[in-house]
Amino acid sequence: MLSNLGKLWIVATPLGNPGDLSPRARDVLTSAHIILAEDTRRAGQLLSRCTITAQGFLSFHDHNEEARLPQVLDMLMQGKELALISDAGTPLLSDPGYRLVRACRAAGIAVAPLPGPSAPIAALSASGLPPQPFIFLGFPPRKRSDQEAFFNPYKLLPATLIFFERKDRIIPTLSLVHSLLGKREACIARELTKTYEEFILFALADYAKLPENLLGEITVLIGPPCEESRSPDSVVHALIEEESALGGKPKEVARRVQERAIGWSSKEIYLLMQTAHQ
């Protein structure tokens, strides 16, 4: 990495409360030659609330990221320090920036994270749902068929799922999630760190009872399968076939299947294997 190259800062900004901006983030945003922002108008308003005077802004969003890359890389190659921010929270989480960071790494340009507010982490920490493991999914696609393909891989994983959704699509999305994932605990976290912050805890099956007038930025959390949930026999049989093909003694195979099946003990799986071979 050449010393005369610039640096790209990935700066987390407040979700709503200006007091959440760290002193280090304030210093970087003040000194950066250019701030890359999804919406330069909103970025200007944010910095104004935080009493920061920026040296300059450059729009950088989903629709122009690829076209902007050469210009941004050229500035970094000239030794300038740039700060990438999103409209709120940590950049790259459902926001542009991945291609830029990857290009910087390939070019030997330093990329430094400046951690801070993050909606998925803030929501998870205060939701009361199991925090480990969790999977952040970003925004689901719009079409139902695409949503089914989007959520299907997580049907059997014992993890809390986190995603963003728009207020006008929340009920149809939860309906689909319930049909795919079954009995789960769920939480809607909205307006995080703002005046009307709210956490709504509910059984996923009761999605239709949610208020119709949910407003603001929404983060959805779906808990892991409830303890009484159980992988269907057909799924366990398929897992037995997969693990048996990898070799090992029957009890070893049963143990590996048990790690992937929900609600089954290794003893039950072993007995199922014995029954299948009779």
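## Pairing around strand S10

In this predicted model, strand S7 (residues 160-165) pairs with S10 in the antiparallel sense over five bridges, where two strands are said to pair if DSSP finds at least two bridges between them. Within this pairing, Ile218 of S10 is the bridge partner of Glu165. Strand S8 (residues 185-190) and S10 also pair in the antiparallel sense, over five bridges, and here Ile188 stands opposite Val220. Strands (E, at least two residues) and helices (H or I, at least four) are DSSP runs, numbered from the N terminus.

## Burial of strand S10

Strand S10 spans residues 218-222 and is mostly covered, with five of its five residues buried; buried means under 20% relative accessible area, exposed over 50%, and partly exposed in between, with a 1.4 Å probe and protein chains only. In a regular strand the side chains alternate between the two faces of the sheet.

## Helix H9

Helix H9 (residues 250-260) has Val253, Ala254, Arg256 and Val257 as buried residues. They cover an arc of only 165 degrees around the axis, which puts them on the same side of H9, the arc being that of the directions from the helix axis to the C-beta atoms. On the other side of H9, Lys251 and Glu259 are exposed.

Arg255 also lies in helix H9 and is partly exposed, with a relative accessible area of 42%. Arg255 and Ile269 are 14 residues apart in sequence, and their C-alpha atoms are 8.2 Å apart in space.

## Overall make-up

The protein contains ten helices and ten strands, and its C-alpha atoms fill a box of roughly 75 × 50 × 35 Å along the principal axes. Of its 278 residues, 44% are buried. Among the contacts (heavy atoms within 4.5 Å) with a separation of 6 or more, 70% are between residues 24 or more positions apart.

## Basis of the values

Residues are numbered from 1 along each chain as its sequence is written, and side-chain values use heavy atoms, with hydrogens and water left out. Because the model is predicted, local features need pLDDT of at least 70 and side-chain atom pairs count only at pLDDT 80 or more, whereas totals for chains, interfaces and linings use all residues.
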